[in-house]
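Q: Please take a close look at the interface in the structure below. I would like one connected account that also sets it in the context of each chain.

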Amino acid sequence: MNVFPRVIPVLLVSDGYLVKPVRFAGDKYVGDPINAVRIFNEKQVDELVICDIDASVRGTGVNYGLIEDIASEAFMPVAYGGGITSVADARRITGIGIEKVVLNTVAFTRPESITEISTALGASSTVVSIDAKKRMTGGWDTFIRRASKRVGLTPAEAALRAQELGAGEIIVSSIDREGTFSGYDLKLVESVASAVTVPVVALGGASAFDDFRTALEAGASAVAAGSMFVLNGKHRAVLISYPAPEQVRSLGI
Amino acid sequence: MSEVSIIDYGLGNLGSVANMLKRVGAASRRVSTPAEVAASERVLLPGIGAFDAGMDLLRDQGLVEALRDFVATGRPMLGICLGMQLLLDSSEEGVTAGLGLIPGVSRRFSEASGIRVPHMGWNYANPSRDDPLITGLADDSRFYFVHSYRVVPDRDEDVLATTQYGVPFASMIRAGNVMGAQFHPEKSHAFGMTVLGNFAQL
C-alpha cells in the first residue's frame, strides 16, 4: 500500500488578514487566519499551506509574529510561503515550528536560493510554488509576483529546474482557475507531474471532492484547495469546511 | 505530569514539540549540556536530518555519554524520527555508531518495492502489544511520517507498533525505559497528543 494522498487547505494572507482572491485578483476578506488555523486543526486536516500573497510584491518581508501565532495552533504539518529570500529566513521559520517553506518569487529571481535552502533544511522541507497561466496559443507560461510577471519557462520546465536545484515538492497553481470552482486544470497537472519525480500538489479550481480524485489520476501526489474549503454556497459565504477523515482516506484506495 | 527535557543539539523541530507538550499540559524546557540531561526527569530526543550529523552534534556537546548514563538510571527517554534511529547501534545512512540503547540498525526503504522514498504523509501505526505509551489510541490512529530510513530492531519484542509502507516496519519501539517513534507525534493531531501526553506521565 502506498501513502495516503494528502488533502491540503491553502490559506492566503494579505496584510495579516485571511483573503480569497479570484484568478489572483479582487481579494475578498475572509477573516482571521489564526481562527481559521484553529478550525482546520479541529477538523484534523492532513496539512496546511499558508501564503502571504503580497509579502514579496510589497517587499515587507516575512511576518514572523503571524507565523508564531500559527505554529502555536497548528498540530499538523504546515508549509509557509511569502517573502522568504534567504537561508536565515527559512531557518527562523522552521525553528518556530513550521515544517516546510514555500518559495515562489525568489525561486525565479534567484534560483540558487532553492539549493541553499534545500541544503540547509533538506529537500522535504523545500517546496517551490509555480503559478501557471494558459497561453492563447496553447500550453502555459509561468508567472511570479501575483501573476504580473512572466518568467520565460513553461510550468514543466520550471518544475524540473526546481527539482534539479533541490526542491522536494512542487505546488502547481492554475491562475485561470483560482477561485472559479471550475475544476483543476488537469492537463497542467499532468504536464508538471510527468516532468518531475518529486511530489506535485495540484491547486486552483477545485469545487467538489470528486475533483481530488481526477487530479490524483492526472498525476498529482496531493491535492490542495482554497475557496472550496473557506467559501460555501451560491453567495460564497465564508464557511470553513473539510471532508471527513474516512472520506479523505478513501482517496488512497 | 513531570517536566520533559527536549534535547537541543541543533537538529529537529523543537518549537513544534514544545508547542504540543504545552497543549497536553506538560511543562518542557530545552537542554543542551550533560549536567542538564543528568538533572532531567525525562528526555525527548527530536531530530530531522542525517544520522552521522546527528551523532556528531550529540558527541560535540558531550551528550552521547550523558544520555547513556541518563538511561542507565531508569528514567524515560523518547526519540522521535531521526532521534529514534539514533537510539540503535548504526544506520545504513552513515558510518558512525549510534547510541546503542536498543540493539538493531536502520535500513533505507527500497524503491524496488514500488514506493516513493521518502515515506512522506499520513499512515497508520498498528500496536503490537499494550503499553502505557500508547494507551488510549484508537484503532484508526494515524500519524505524520517523513523519513527514508526505517529501524530494524534485533529483538521482535522491542517493536511496539508497525506500519506498512512497501514493507512492514517498526514505527514505534520500546525496550524498558527507552522508547522511539518514527512519526512526528508533535504534528499528528490528537493521535500525537495522546502519545506525548502518555510519555509525560510515564
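**The interface and its surroundings**

A: A compact globule of 202 residues would have a radius of gyration near 17 Å, and the 15 Å of chain B agrees with that. The model is a predicted one. Taken along the principal axes, the C-alpha atoms of chain B fill a box of roughly 45 × 40 × 30 Å. Its secondary structure consists of six helices and 13 strands, and 54% of its residues are buried. Of the contacts in chain B with a separation of 6 or more, 72% are between residues 24 or more positions apart.

Chain A can be described in the corresponding way. A compact globule of its 253 residues would have a radius of gyration near 18 Å, and the 16 Å of chain A agrees. The C-alpha trace of chain A spans about 45 × 40 × 40 Å along its principal axes. There are 11 helices and 14 strands in the chain, and 53% of its residues count as buried. Among the contacts of chain A between residues at least 6 apart in sequence, 64% join residues at least 24 apart.

Now to the interface. Here 19 residues of chain A are in contact with 23 residues of chain B. On the chain B side, at least two residues each come from the helices α1 (14-23) and α6 (189-201) and from the strands β7 (119-124), β9 (142-147) and β11 (159-165). By class, this side of chain B holds 10 nonpolar, 11 polar and two charged residues.

F75(A) counts as buried because 25 C-beta neighbours lie inside 10 Å, and the cut-off for a buried residue is 20 or more. When neighbours within four places in sequence are left aside, F75(A) is in contact with N41(A) of its own chain, and with M20(B), R23(B), K187(B), H189(B), G192(B) and M193(B) of chain B.

The axes of α1(B) and α6(B) come within 9 Å and cross at roughly 75°. α1(B) is therefore roughly perpendicular to α6(B), because angles of 65 to 115 degrees are counted that way. In this contact M20(B), L21(B) and R23(B) of α1(B) meet G192(B), M193(B), L196(B) and A200(B) of α6(B). By class, the residues of the contact are five nonpolar, one polar and one charged. M20(B), R23(B), G192(B) and M193(B) take part in this helix contact, and these four residues are also in contact with F75(A).

The axes of α3(A) and helix α4 (residues 87-96) of chain A come within 9 Å, with a crossing angle of roughly 30°. The two helices are therefore roughly parallel to each other, because the limit for that class is an angle under 35 degrees. The crossing of α3(A) and α4(A) is right-handed. α3(A) contributes Y64(A), I67(A), E68(A) and A71(A) to the contact, while α4(A) contributes R92(A), I93(A) and I96(A). The contact of α3(A) with α4(A) has five nonpolar and two charged residues, and no polar ones.

Most residues other than glycine have a negative phi. D15(A) has a positive phi, near 55°, and R145(A) also has a positive value, near 50°. D15(A) sits in the loop between β1 (6-14) and β2 (17-22), and R145(A) in the loop between β8 (140-144) and β9 (149-150). D15(A) is partly exposed, since 13 other C-beta atoms lie within 10 Å. R145(A) counts as partly exposed with 17 C-beta neighbours inside 10 Å.

How values were computed. Residues are numbered from 1 along each chain as its sequence is written. Chains are lettered from A and ligands numbered from 1 in the order in which they are written. This is a predicted model: local features need pLDDT of at least 70, side-chain atom pairs count only at pLDDT 80 or more; totals for chains, interfaces and linings use all residues. Two residues are in contact if their C-beta atoms, placed from the backbone, lie within 7 Å. Helices (H or I, at least four residues) and strands (E, at least two) are DSSP runs, numbered from the N terminus. Ala, Val, Leu, Ile, Met, Phe, Trp, Tyr, Cys and Pro count as nonpolar, Asp, Glu, Lys and Arg as charged, and the others, Gly among them, as polar. The radius of gyration is taken over C-alpha atoms; the globule rule is 2.2 Å times the number of residues to the power 0.38. A residue is buried if 20 or more other C-beta atoms lie within 10 Å of its own, exposed if 12 or fewer, and partly exposed in between; C-beta atoms are placed from the backbone. Axes are lines fitted to C-alpha atoms, for helices over the stretch in contact, and angles run from 0 to 180 degrees between N-to-C directions. Angles under 35 degrees count as roughly parallel, over 145 as roughly antiparallel, 65 to 115 as roughly perpendicular and the rest as oblique. A crossing is left-handed if the near helix is turned anticlockwise from the far one by less than a right angle, and right-handed if clockwise.
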